[in-house]
Amino acid sequence: MKVMVCLKQVPHQDARLDVAADGSWIQEDNIKFEINSYDTYALEEALRAKDAGEAEVVVVSIGPDRVTQALRTALGMGADRAVHVKDPEADASDSLGKAKILAAIAKQEEPDVIYCGLMADDGNFSAIPPMLAELAGMPSATGVISSEASDTSITVRRELEGGCREVVELPRPCLLAIQTGANQVRYASLKGIMQAKKKPVDVKTAADLGVGEQVGAGAAKVKINKIYIPPKSDQAELLEGSTDEIVTQLVGKIRELGVL
Amino acid sequence: MFELDETQQLMQDAVRAWCERELVPAVPALETGKQLPYELLRALMTDLGLAEALVGPAERRAIKLEGGVENEPDSGESSDSGPGLGGDPMLASVLLKEICRVSPGLGMVLIASVGCGTAIQAAGGAKAIRDYAIPIFRAEKIGAWALTEPGAGSDAFGSMRTAAKPDGDGFVLNGQKTFISNAPYADIFAIYARVASGDGAGAVRAFVAERGMSGLETGPPMRKMGLHDSPTGEIFLNDCRVPAENLIGRLEAKRAADSSSTLDTLNLERTVMPAMCLGIIERCVEESVRYAVEREQFGRPIADFQGIAFKLARMELALENARNLVFKLAWAQQRGKLDARLASLAKLYCAEQAVAVSLDAIQIHGGAGYTADLPLEKLMRDAKVFEIGGGTNEIQLQTIARAITSRR
Ligand SMILES: Cc1cc2nc3c(=O)[nH]c(=O)nc-3n(C[C@H](O)[C@H](O)[C@H](O)COP(=O)(O)OP(=O)(O)OC[C@H]3O[C@@H](n4cnc5c(N)ncnc54)[C@H](O)[C@@H]3O)c2cc1C
């Protein structure tokens, strides 16, 4: 079995985020990055498939030089090899462009299962997994909290609204978009870390993958107009008095709003 | 050489992630004694594969000894690739630095336990390695390394009173140890004692004792200024009999070299403690810079005031120097160039700066820095131990001075 894991590197959850001068994105200099939290669960799910039987785990990421670190971390955790799409045009693509790049890799790699995170901590789009599944001609399931593979299919549990669960079965090959908290993500072990530098990282451009024309800023249908921090509102009202008085006033306000 | 390579960087990321997820949430319970550090030690060693990395070389060494090959004490942890964890001393430094950014006490628990295992591996026989070092490395057992006595601190060897009397096919230990990290809860103890008679009489040797052996008792954890997450205590030895194979090293070695494995462990302590101090310094500098830029008084960030800005600049200088020393130590270990002078000056400088920088960090944070809501007051209390344990500042100064004056 071969599985492919799509990883995105995002700003560290504790990083101080400032909007870039041109308002197009955040200021990326001098901030720490980490693997998107959803993707760490996707990677863990893939590594469990590897632990359970024979599986080659290929991790894939699109992004600049810094992404090497995310890929090496994944290799340190147990992935077997990595594909790094390092191409400014790829970075400038919208979700569809990125899905096309990943689909081109999937076409080359022919994985039995593609694991993605349900969404990215930074962009919150949740767009790429279903787009990639469509482009790769694979059935997909999102919000996955566990998966179990048999010879020809894969059975997954999905998280629904209100604490409900759903069990679905998909034929392989297929794509799974994993929810956070799905599993206990392992740490890279010292041995894994020592081996990581010997594992292959294939560096590619969109052109290498034959999709150079279809991606990039020019091909993007969704464009970011601006990034901004909403201005502070002056509608805040400070409640004063003893704790009891404040609580009484607060409950009154909540009732007024009809929330209670 | 002044930057982490890719492997070291990955190690740093992995340990930091572990600390953020597992250690940070446990600090309040560790600090108030509601939780002991040993479950976390086990998790640390297994989650990050430290156990696996330590057990491999220990097993190879035991096999080599069982094959009847000469027992040549080597530098310990890794027999074929190089000194230290994973054959690279910087990996242990990065590991300890990261732990000590959050909990210097857990760092101490780790070095005391693994230090005991390392001493056994370096000079012990195959049986001692299998029975004691490997279970410690697997984190199934907790180790303690006991040199200091009530009457023998800085002069640990000269004033040592704990005695090991040869008795048939073993030794009988009598004496008392104090300020021993992990002692209240350890399973395995490397105990230094003076050989009372026969071969090697008068020399100091290490003997392994186990909890449960008759004649070995430990005291309760001591109340301390800091390092609350690292239990410290006494060991009482009253006719405690240990079998012959629990002697670590050989009796008959010459006086001049007799304490070499102990000194190796001491040097080891001195090479890891700078990295531990670096963790404290790095965290304090990061927190202080962030706060000084954000906190405003008199309508400006406090970082704009020269009184604060110059403090930050000096803290940054200490950080740079401490980091360079940690790199230099690793470089020297890799090349077999580590000597007492370098180990002592690195330990001295980093310990002094950990105390100074953590005090400044509290000052920069004002009232908030003095509260236990921020990590700084804890780091400051914890930092102080590094000016005492592993040889006091004064002893480091003495070692450095002796090394440079004897060269003339
Ligand atoms: C938290 C903690 C954990 C510890 N863990 C361990 C452990 O796991 N194993 C272990 O064996 N020990 C351990 N120690 C003991 C530690 O190594 C000793 O405390 C240290 O070596 C100093 O010995 P002492 O306390 O007896 O002080 P002393 O030696 O009595 O020193 C008192 C003062 O006199 C100074 N002094 C002594 N001699 C000289 C001299 N020649 N010139 C100038 N000044 C001098 C000292 O620097 C110090 O300021 C630990 C200590 C602490 C606090």
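**Reading the model step by step**

Mentor: Of the 20 residues around the ligand, B:L147, B:G153, B:S154, B:T392 and B:E394 come nearest. Keep in mind that this is a predicted model.

Trainee: Which elements of chain B each supply at least two residues of the shell around the ligand?
Mentor: They are β1 (143-146), β3 (170-181) and α12 (393-405). By domain, the shell takes at least three residues from each of domain 2 (146-253) and domain 3 (260-405) of chain B.

Trainee: How do the residues of that shell divide into nonpolar, polar and charged?
Mentor: There are 10 nonpolar, nine polar and one charged.

Trainee: Into which domains is chain B divided?
Mentor: Domain 1 covers 6-141, domain 2 covers 146-253 and domain 3 covers 260-405. The C-alpha centres of domain 2 and domain 3 of chain B are 31 Å apart. Their contact involves 10 residues from domain 2 of chain B and nine residues from domain 3 of chain B. On the domain 2 side of chain B, the residues touching domain 3 are seven nonpolar, three polar and no charged.

Trainee: What makes β2 and β3 of chain B a pair?
Mentor: Pairing asks for at least two bridges between two strands. Strand β2 (residues 163-167) of chain B has five bridges to β3(B), so they pair, and they run antiparallel. One of the bridges links B:D167 with B:G170 of β3(B). The two strands form a hairpin with two residues between them, and B:G168 in the turn has a positive phi of about 60°.

Trainee: How many bridges join β3(B) to β7(B)?
Mentor: Nine bridges join them, and these strands run antiparallel. In β7(B), B:C240 is the bridge partner of B:L173.

Trainee: Why is B:G219 called partly exposed?
Mentor: A residue is buried with 20 or more C-beta neighbours within 10 Å and exposed with 12 or fewer. B:G219 has 16 inside 10 Å, which lies in between, so it counts as partly exposed.

Trainee: Where is the place of B:G219 in chain B?
Mentor: B:G219 sits in the loop between β6 (216-218) and β7 (232-243). Leaving aside residues up to four places away in sequence, B:G219 touches B:P184, B:G233 and B:E234. B:K97 is 122 residues from B:G219 in sequence, and their C-alpha atoms are 30 Å apart in space.

Trainee: What else describes chain B as a whole?
Mentor: Its secondary structure comes to 12 helices and 10 strands, and buried residues make up 50% of the 408 residues in chain B. Of the contacts in chain B with a separation of 6 or more, 74% are between residues 24 or more positions apart.

Terms used
Residues numbered from 1 in each chain as written. Chains lettered and ligands numbered in written order. Predicted model: local features only at pLDDT ≥ 70, side-chain atom pairs only at ≥ 80, totals over all residues. Helix = DSSP H or I, 4+ residues; strand = E, 2+ residues; numbered from the N terminus. Contact = placed C-beta atoms within 7 Å. Near = placed C-beta within 6 Å. Nonpolar A, V, L, I, M, F, W, Y, C, P; charged D, E, K, R; others polar. Domains from an automatic or database assignment.
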